[in-house]
Amino acid sequence: QQNTIIAWQDSMINVKNLQDAVLEQRGEKIEDWENAYMQENNLHGVSRAESECFTDNFYKPLLEELKTLGVTPETTYLYMRGHDLVDGVVTPLLAFVCERLRRERERDIRKFAVHAVQEQNELSAYQHSIIPLDKALRRHLAYVDCPLYQRIQDDIRRRILRQGATAATEQTKGSQGNA
């Protein structure tokens, strides 16, 4: 019970215990500035004050500014780099699902095969019919019909038209100034 109380009161106690054990085993001592446990305890109040200052002076104003620009939790993904989303979310999720489906299909082939030769032939045919996930994703083009994809394309078209109109206006002004 005493250990539970100490651990509850001192969240860094495990760091201290590990640090002490390593130092004792090596027969070494460390300077105060190297002592992670001591530094954390000394800087805990400072860290909290700096964190609150950051939150009040930078983070909250940034959130407010993002809201005024129309960025909400529901639309944040529109501002992410697509490859980060695909590499970090979509591909791992699809890889997990594909692997589970592959194992399930192979289990069914093994379960319903009448004899070993049939099982081997069907497993071989199935395994040769599977394409890698990255190739399957490159072949997939149904996203072009997605309303969000259409919205992104429309936004890009409007921006290009606006920039073209601005450039044409500036060019006209420039040619009038030269005349």
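Predicted model: local features only at pLDDT ≥ 70, side-chain atom pairs only at ≥ 80, totals over all residues.
Local features are reported at pLDDT of at least 70 and side-chain atom pairs at pLDDT 80 or more, while totals for chains, interfaces and linings use all residues. Residues are numbered from 1 along each chain as its sequence is written, and side-chain values use heavy atoms, with hydrogens and water left out.

The chain folds into seven helices and zero strands, with helices (H or I, at least four residues) and strands (E, at least two) taken as DSSP runs numbered from the N terminus. Read from that end, the order is α-α-α-α-α-α-α. Of the 179 residues, 7% count as buried; here buried means under 20% relative accessible area, exposed over 50%, and partly exposed in between, with a 1.4 Å probe and protein chains only.

Two pockets come next. A pocket, on a 1 Å grid over the protein atoms alone, is an open set of points where a 1.4 Å probe fits, with protein on both sides within 12 Å along at least five of seven lines; lining residues have an atom within 4 Å of a point. The largest pocket holds about 870 Å³ of space, a volume being the space filled by probe spheres set on grid points joined across faces, edges and corners. Its lining counts 22 residues, with Gly82, Leu85, Val86, Tyr143 and Tyr149 the closest to the centre. Two or more lining residues come from each of H4, helix H6 (133-139) and helix H7 (147-178), and H4 has the largest share with seven. By class, the lining of the largest pocket has 14 nonpolar, four polar and four charged residues; Ala, Val, Leu, Ile, Met, Phe, Trp, Tyr, Cys and Pro count as nonpolar, Asp, Glu, Lys and Arg as charged, and the others, Gly among them, as polar.

The second largest pocket holds about 230 Å³. Helix H4 again gives the most to the lining, with five residues, and both H4 and H6 supply at least two. The lining of this second pocket comprises 10 nonpolar, no polar and two charged residues. Glu99 and Arg102 are among the lining residues, alongside others including Leu94, Cys98 and Tyr126.

Arg102 pairs with Glu99 at 2.2 Å, N to O, and with Glu106 at 2.8 Å. Arg102 and Glu106 are separated by about one turn of helix H4 because they are four residues apart in it. Glu106 is buried at 6% relative accessibility, whereas Arg102 at 23% is partly exposed, and so is Glu99 at 30%. A network of salt bridges links Glu99, Arg102, Arg103 and Glu106. A further bridge joins Arg110 to Glu119 at 3.8 Å, and Glu119 lies in helix H5 (residues 116-129). The C-alpha atoms of Glu119 and Glu106 are 9.3 Å apart.

Finally, Phe54, Phe58, Tyr59, Leu62, Leu63, Leu66 and Leu69 form a nonpolar surface patch with about 680 Å² of accessible area together. Patches are made of residues with over 30% relative accessible area and no salt bridge, joining nonpolar side chains (Val, Leu, Ile, Met, Phe, Trp, Tyr) within 5 Å and like charges within 9 Å; areas come from the Shrake-Rupley method with a 1.4 Å probe, and for residues only the protein chains shown count as cover. Leu69 sits in the loop between helix H3 (36-68) and helix H4 (82-112) and counts as exposed because its relative accessibility is 58%.

Methods
Salt bridge = Lys/Arg side-chain N within 4 Å of Asp/Glu carboxyl O.
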